[in-house]
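Hello,

Here is the structure I said I would pass on. My notes follow below it.

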Amino acid sequence: MRTNRHLVALDLDGTLLTDRKEISPYTKSVVQQIIQEGHIVVIATGRPHRASIAYYQELGLQTPMVNFNGALIHHPTDQKWDVLHTPLPNRTAKKIIQTCYDFEVHNIFAEIRDNMYLDQFDQQIIDVFSEPNQQDLITIGSLKNHLQEDPTSLLIHPKDDHIEELRQYLDDKHASIIEHRKWGVPWNVIEVVRKGINKAVGLKKIAHYFHIPVDNIIAFGDEDNDLEMIEFAGVGVAMGNAIDELKQIANYQTKTNEEDGIGNFLVDYLKLEANVKVGKDLSE
């Protein structure tokens, strides 16, 4: 077994993906080269499996994947791999849903792995969170009636003037059971998952499986859902477009997602041979 083998964890949006939601040819060629050299590459994303598997396949990965910010850790190509699914207790989810009704939020969206539950019909939400061929995975109607299993996550679309009040209420009533984060794109969304769930949980499990020491874990990220992962990794790398809080705790900072930040860092840090320049020419 190689003693200098690294585990490389890639966030998707704002990190591996360009602003057009694509993997640049240069970064793709670098990632595929390090795989050929024996390094382990994994995707660690807040996205569900259904919204990340295409990138997994594009890179030719055959490794576990971290979805829902660590609430689902699984192996897309090995059904025997020990899946770790850590959903919210349904009882807690129903209490939060009732709170959302009391606050008269715009909408609530629940996910159980790849199945989606939307409280009120909203074509924009459907378009953002699913592909045309995935619409049969969506159940539309009151979540208090339709949500029967423990959800992997809850996504709340609040009214702008209630965001902080709602988040404070979640802290006051459910802090021992849940974690919540706020997204700002394409609109304000509060994501709720089970307490203690983050991407670092997934990295620990995968690193243990492959016998990779913490010092040999390289993690790339750009947002607050990457904080624990970047802090845990021996080599935490903030993208040039990352939030300031992430840059402050990262070991390194690289270029932006639009400037092949991942590819450039890996070439320098792992001292790769010059044959990846073929891919770089394609992206210039």
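Contact here means heavy atoms within 4.5 Å. Please keep in mind that this is a predicted model.

By that cut-off, and leaving aside residues up to four places away in sequence, Asn-257 touches Gly-14, Thr-15, Leu-17, Thr-18, Asp-19, Met-239 and Asn-241. Asn-257 sits in the loop between strand 14 (252–253) and helix 11 (261–269). Its relative accessible area is 8%, and since buried means under 20%, Asn-257 counts as buried. A polar atom of its side chain is 3.0 Å from the backbone oxygen of Leu-17.

Next, helix 7. The helix runs over residues 163–174, twelve in number, and spans 16 Å from first C-alpha to last, close to the 16 Å expected. Its buried residues include Ile-163, Leu-166, Arg-167, Leu-170 and His-174. These cover an arc of only 100° around the axis, so they lie on the same side of helix 7. An α-helix has 3.6 residues a turn, so residues three or four places apart point the same way. Among the elements covering the buried residues are helix 4 (90–103) and strands 9 (153–157), 10 (178–183) and 11 (189–194). Glu-164 and Asp-172, both exposed, are on the face turned away from the buried side.

Last, the strands. Strand 6 (residues 107–112) and strand 7 (residues 115–118) run antiparallel and are joined by four bridges; one of the pairs is Glu-111 with Met-116. The two strands form a hairpin with two residues between them, and Arg-113 in the turn has a positive phi of about 55°. Strand 7 also runs parallel to strand 8 (residues 138–140), with three bridges, and Tyr-117 has Thr-139 as its bridge partner.

Regards

Conventions. Residues are numbered from 1 along each chain as its sequence is written. This is a predicted model: local features need pLDDT of at least 70, side-chain atom pairs count only at pLDDT 80 or more; totals for chains, interfaces and linings use all residues. Side-chain values use heavy atoms; hydrogens and water are left out. Buried means under 20% relative accessible area, exposed over 50%, partly exposed in between (1.4 Å probe, protein chains only). A polar contact is a pair of N or O atoms within 3.5 Å; within protein, one must be able to donate a hydrogen and the other to accept it, and residues adjacent in sequence count only if both atoms are side-chain atoms. The expected span of a helix is 1.5 Å times one less than its number of residues. The arc is that of the directions from the helix axis to the C-beta atoms. Two strands pair if DSSP finds at least two bridges between them.
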